[in-house]
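My entries follow in the order I worked.

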Amino acid sequence: MSNDVMTPPHALVSGASIAGLSAAYWLRRTGWEVTVIERAPAFRDGGQNVDVRGVAREVLKRMGLFDAVKALNTTETGAVFVDGRGRVTAELPAGPEGATAELEILRGDFARAILDHLPPGVEIVYGDTITGTTEDDGSVTVTTASSQVLRADLLVVAEGVRSATRDRIFGELVDRRSLGVNMVFGTIPRTAGDDDRWRWYSTVGGRQVHLRPDNHGTTRAILSYPRDEDLASLDRDQALARVRARYAGAGWEAARVLDGFDASEDVYVDHLTQIRMPTWHRGRVCLVGDAAWCVTPMGGGGASLALTSGYVLAAYLSSTDTGPEAGTDTDTALAAYERWMRPLVDSVQKLPPGVVRAGYPRTRIGLAVRTLVVKALTSRLLAPLAERFTHVAGMDRPLPPIA
């Protein structure tokens, strides 16, 4: 495949969520032919709150999507800690970069906003997945579960934290770091007692219950607790049975959430695991989003990093010759992409020591201490310090230009 006016370079993107769609958007905008492969049989709606912060806000503006994403806001106005009776014990900082961001949106709504604004010419293939890859003559050949054989100048892997394609290609370079925390996310019916705030409840055993409003007339719920067992390795029924046993007697809205999860079609189980890698590219294959660096919800900013990675990748590739005879230039572009993104990822991925123990107190004494600390940090005197913890994906450097 030559890189001339008649035959532009071709990119295969595996994964049609935020990172993959951002890469598809920007690569197409810079002249690439783009094919997106998504294992789901159709676009995946649903999911929990994500937000757009820091440099990702500028990327969104350059896509012309800032107002569209803002219009899809979840309706959440703030975040509070509550006790077993639902009484507020502390309120987290609000504002554009507060615990509830100005651009607070559901994952599915965010991905769909990008999907609906893809430039003409992006092909999306649903219901298929990559089963093998080979490289030769400066290109990559992909085989899929449906027996397709596709040849391209670049493969962009955006399959998420448990990417099978990444594991096959990068092997021993994939460093998985478990945080020892399980999270179960789901959509449940809204009740009259729900309001427009993110309500966060903690009880003994490190158990947390979160309720958050959405813009679809339902409520997004999270159950989260520290445990070395990997719930994500179990099937749904097994995982929910384990969680129900774990939350026996937890109080507040725990029983309602468990019942809601049993009946919900939108439940996702996760064992929080960071992905750390010394490189995000090998030959004509590169990684974006959680497949490269999953920061987990504890780090925050995953959606912002995903959106930004697609832009930065395309920006550096747009300044080089990317045909099969230009392997060195492509390597240079992929290395530049890594250099620009690495400090941004490192700043989010590096969690403070003891953050899991502090965030998930096991005892009543630990809960009481945590409540006092939160009250102090959210007081008028220390609120500016607390706000720093919600500032992610910030960058002093300007975004690289699109050639």
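**Entry 1: overall fold**

I counted elements and found 14 helices and 18 strands in the protein chain. Helices (H or I, at least four residues) and strands (E, at least two) are DSSP runs, numbered from the N terminus. The radius of gyration is 22 Å, close to the 22 Å that the globule rule gives for 403 residues, so the chain is as compact as a globular protein of that length. That radius is taken over C-alpha atoms, and the globule rule is 2.2 Å times the number of residues to the power 0.38.

I note for the record that this is a predicted model, where local features need pLDDT of at least 70 and side-chain atom pairs count only at pLDDT 80 or more, while totals for chains, interfaces and linings use all residues. Residues are numbered from 1 along each chain as its sequence is written, and side-chain values use heavy atoms, with hydrogens and water left out.

I took the box along the principal axes: the C-alpha atoms fill roughly 65 × 45 × 40 Å. I then checked burial, and 54% of the 403 residues count as buried. Buried means under 20% relative accessible area, exposed over 50%, and partly exposed in between (1.4 Å probe, protein chains only).

Is strand S9 mostly covered or mostly open? I find five of the six residues in S9 (residues 139–144) buried, so by the cut-off of under 20% the strand is mostly covered.

Next I looked at its partners. Two strands pair if DSSP finds at least two bridges between them. S8 (residues 130–136) pairs with S9 in the antiparallel sense, over six bridges. In that pairing Ile130 stands opposite Thr144 of S9. The S8 and S9 hairpin has two residues between the strands, and Asp137 there takes a positive phi near 55 degrees.

S9 also runs antiparallel to S10 (residues 149–152), joined by four bridges. Thr143 has Val149 in S10 as its bridge partner. This second hairpin has four residues between its strands, and Ser147 in the turn shows a positive phi of about 75 degrees.

**Entry 2: salt bridges**

How many salt bridges does a search of the whole structure find? I get 26. A salt bridge here is a side-chain nitrogen of Lys or Arg within 4 Å of a carboxyl oxygen of Asp or Glu.

- Arg28 and Glu33 meet at 3.9 Å, N to O. Arg28 is partly exposed at 21% relative accessibility, and Glu33 is partly exposed at 33%.
- Asp175 and Arg177 have their closest N and O atoms 2.9 Å apart. Asp175 is partly exposed at 28%, and Arg177 is partly exposed at 39%.
- Arg220 and Asp214 have their closest N and O atoms 2.8 Å apart. Arg220 is buried at 5%, and Asp214 is buried at 6%.

I also found a network of salt bridges that links Asp194, Asp195, Arg197, Arg199, Glu253 and Arg256.

I went back to Glu33 for its place in the fold. Glu33 lies in strand S2 (residues 33–38). Its C-alpha atom is 36 Å from that of Lys350, 317 residues apart along the chain.

**Entry 3: a nonpolar patch**

Ile365, Val369 and Val373 make a nonpolar surface patch of about 280 Å². Patches are made of residues with over 30% relative accessible area and no salt bridge; like charges are joined within 9 Å, and nonpolar side chains (Val, Leu, Ile, Met, Phe, Trp, Tyr) within 5 Å. Accessible areas come from the Shrake-Rupley method with a 1.4 Å probe; for residues, only the protein chains shown count as cover. I placed Val373 in helix H13 (residues 364–377). Val373 is partly exposed at 43%.

**Entry 4: cysteines**

I searched the whole structure for disulfides and got zero. A disulfide is a pair of cysteine sulfur atoms within 2.5 Å. Cys286 is buried at 0% relative accessibility, and Cys294 is buried at 8%.
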